[in-house]
Amino acid sequence: MKNTIYMLASETNRQMNSFIVTTEEGGVIVIDGGWADDADKLIRKLREITGQDKPHVDGWFFTHAHDDHISAFNKITAEDKGELSFDKVYYNFPSTQFFDNFEPTEAHALKKFYNNLPKFADRICIVYQSDKYEVKGAKFEYLYTADPNYQFNCINNSTSVFRMTLGGKTVLFLGDLGVDAGKKLLSLHGKGLKSDIVQMAHHGQNGVDFDVYEAIAPDTCLWCTPDWLWNNDAGLGYNTHCFKTIEVQGWMEKLGVKEHYVTKDGDQIIQI
Ligand SMILES: [Fe+2]
């Protein structure tokens with residue numbers, strides 16, 4: 001296998017994050033995985049990519065506990081059909097009580113995750129800021145993990161931000177990190193955020209501010225962004241919705257970014 005990032009488009013028309021990463025050392029990594037409706041596709045793509053009927057995932061990394069990021073995993077582990085196997089799950093999620101207190105309508109996905117936890121409790125790795133891990137040639141460095149002081153937009157701001165180094169390239173995964181935690185990320189690392197490739201925060205809108213991207217100074221942007229969100233289209237045409245995607249596209253133009261991969265165009269394959 002080659003060092004490759006597969007950024008999957010959703011089976012739904014909604015925003016979500018789902019990545020498969022393969023390494024020259026034979027590693028298979030999943031990052032998030034999308035909605036429950038994306039679970040079958042994730043398994044199908046893993047089969048195609050690995051050539052295995054029952055694919056094996058060496059490391060499964062979660063950014064945060066929103067539905068559109070962990071529900072495919074929740075479905076796979078709840079049904080437990082033995083369609084794939086995995087060695088280790090890496091995450092840092094706040095407690096259900098924290099979510100119940102500050103974002104109760106969105107706590108359901110985390111509760112499902114914890115309900116299934118006994119099935120994979122022997123394979124979890126709770127991550128913390130400054131942790132470093134290596135999975136078959138892919139290095140992961142955690143730059144930020146959940147800070148309970150962020151009680152507004154608390155699930156997005158609990159995103160675990162990590163930088164993957166693979167094949168000499170650096171890829172920064174911002175998950176759905178919000179403005180507030182983005183300020184902390186910047187204060188912690190400043191120009192140390194510099195990375196070759198960035199996964200755009202919160203599907204490319206209303207995530208971290210311009211100054212965070214300025215410090216990252218990416219060559220390439222990965223957008224987990226469906227067509228309507230890319231165009232900020234409420235069904236009435238270009239830029240008729242309330243999202244900030246077009247403003248963020250302008251930021252990237254200002255930074256001179258030339259290369260963009262967007263799931264509006266379907267599954268994306270990035271060789272690194
Ligand atoms: Fe999301």
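How much accessible surface does the chain have, and what share of it belongs to carbon and sulfur atoms? In this predicted model, the accessible surface of the chain comes to about 11200 Å², and 46% of that area belongs to carbon and sulfur atoms. Of the 272 residues, 56% count as buried. The secondary structure comprises eight helices and 16 strands. The radius of gyration, 17 Å, is close to the 19 Å that the globule rule gives for 272 residues, so the chain is as compact as a globular protein of that length. Along its principal axes the C-alpha trace spans about 45 × 45 × 40 Å. Among contacts between residues at least 6 apart in sequence, 64% join residues at least 24 apart.

An open sheet of seven strands is present in the chain, with mixed pairing and the strand order 8-7-5-3-2-1-16. Its edges are formed by strand 8 (124-126) and strand 16 (268-271), each of which pairs on one side only. With direction ignored, neighbouring strands of this sheet are turned by 20 degrees against each other on average. Within the sheet, strand 1 (residues 4-7) and strand 2 (residues 18-22) run antiparallel and are joined by four bridges, and M7 stands opposite F19 of strand 2. Helix 1 (residues 39-50) packs on this sheet, where it touches strand 1, strand 2, strand 3 (28-32) and strand 5 (59-61), and the direction of the helix makes about 15 degrees with that of strand 2.

Among the helices, helix 4 (residues 108-116) contains N116, a residue that is buried, with a relative accessible area of 10%. When residues up to four places away in sequence are not counted, N116 touches N74, T77 and A78. For N74, the backbone oxygen lies 3.3 Å from a polar atom of the side chain of N116.

Helix 8 (residues 245-254) has as its buried residues T245, I246, V248, Q249, W251 and M252. Just after helix 8, G256 takes a positive phi of about 75 degrees.

Definitions and conventions. Residues are numbered from 1 along each chain as its sequence is written. This is a predicted model: local features need pLDDT of at least 70, side-chain atom pairs count only at pLDDT 80 or more; totals for chains, interfaces and linings use all residues. Side-chain values use heavy atoms; hydrogens and water are left out. Buried means under 20% relative accessible area, exposed over 50%, partly exposed in between (1.4 Å probe, protein chains only). Helices (H or I, at least four residues) and strands (E, at least two) are DSSP runs, numbered from the N terminus. Two strands pair if DSSP finds at least two bridges between them. Axes are lines fitted to C-alpha atoms, for helices over the stretch in contact, and angles run from 0 to 180 degrees between N-to-C directions. Contact means heavy atoms within 4.5 Å. A polar contact is a pair of N or O atoms within 3.5 Å; within protein, one must be able to donate a hydrogen and the other to accept it, and residues adjacent in sequence count only if both atoms are side-chain atoms. The radius of gyration is taken over C-alpha atoms; the globule rule is 2.2 Å times the number of residues to the power 0.38. Accessible areas come from the Shrake-Rupley method with a 1.4 Å probe; for residues, only the protein chains shown count as cover.
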